[in-house]
Amino acid sequence: DPDLDMIVRRHWPYPSPGPYPSFPWTLARLSGARLSDTPKPRWLRYYHSSEAFITLSYHLALAKGPGYFRDKVVIIGTKPRTPLPDSEVDEFRSPHFKWTGETTGGVEILATAYLNLVNGDWLRRGSLSAEFVALSGAGVLCALVLSRFRGLRAFAVALGLALAFLANG
């Protein structure tokens, strides 16, 4: 399920595994991953696709020799912007879209979710105490920086910090 900005961030169903295990969940289990059936919030950890998995077009895959796909997991799908029946869209923004304009297809999202589950490296929310310490530290740091300025300069620095945070967040 993409968010409003068309970026898929969460493992489906959320929290996973939910009442019906997803394709990546089932595939990870069949691959030997030990996964807890206790529903947990899991967010996708995106990899650089060139480092995480190999993509091949059909004609190149068919040209591979015997045994090439032995002991490998193969997920078949289309690239983004491939025309689909009924004008269905299979293109989503990646988390890097703001900087690179990069999009990803549904098959890459499924492969990413599968690798997250097999490797156990999906993103998790930090503890409340860690969040409290981080936010308090950021507040103290901002207060120390802004206390060195007066009036409009302090306002301009605060505005600059807020804009920098929004641009990178």
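## About the model

Residues are numbered from 1 along each chain as its sequence is written, and side-chain values use heavy atoms, with hydrogens and water left out. Because the model is predicted, local features need pLDDT of at least 70 and side-chain atom pairs count only at pLDDT 80 or more, while totals for chains, interfaces and linings use all residues.

## The largest pocket

Let's start with open space. A pocket is an open set of points on a 1 Å grid over the protein atoms alone, where a 1.4 Å probe fits and protein lies on both sides within 12 Å along at least five of seven lines. The largest pocket has a volume of about 830 Å³, counted as the space filled by probe spheres set on the points, which are joined across faces, edges and corners.

Its lining (residues with an atom within 4 Å of a point) consists of 24 residues, and Ile54, Thr55, Leu56, Val74 and Ile75 lie nearest the centre. By type, 17 are nonpolar, four polar and three charged. Helix H3 (58-62) and helix H5 (106-119) each give at least two residues to this lining, with H5 providing the largest share, five residues. Helices here are DSSP runs (H or I, at least four residues) and strands likewise (E, at least two), numbered from the N terminus.

## The nonpolar cores

H5 turns up again in the largest nonpolar core, a set of 12 residues to which H5 gives four, the largest share. A core of this kind joins buried nonpolar residues (under 20% relative accessible area) through side-chain atoms within 4.5 Å. Among its members are Trp25, Leu35, Phe53, Tyr114, Leu117 and Trp122. Helix H1 (23-30) also gives two or more residues. A second, separate core has six residues, including Val8, Tyr46, Ile109 and Ala113.

## Two residues to look at

Ser22 sits in the segment before H1 and counts as buried, at 11% relative accessibility. The Ser22 side chain reaches the backbone oxygen of Trp12 at 3.4 Å. Leaving aside neighbours within four places in sequence, Ser22 is in contact with Trp12 and Pro13.

Lys64 lies in the loop between H3 and strand S1 (92-93). Not counting residues up to four places away in sequence, Lys64 touches Leu56 and Phe69.

Conventions:
Nonpolar A, V, L, I, M, F, W, Y, C, P; charged D, E, K, R; others polar. Buried < 20%, exposed > 50% of the residue type's maximum accessible area, 1.4 Å probe, protein only. Contact = heavy atoms within 4.5 Å. Polar contact = N/O pair within 3.5 Å; in protein donor to acceptor, adjacent residues only side chain to side chain.
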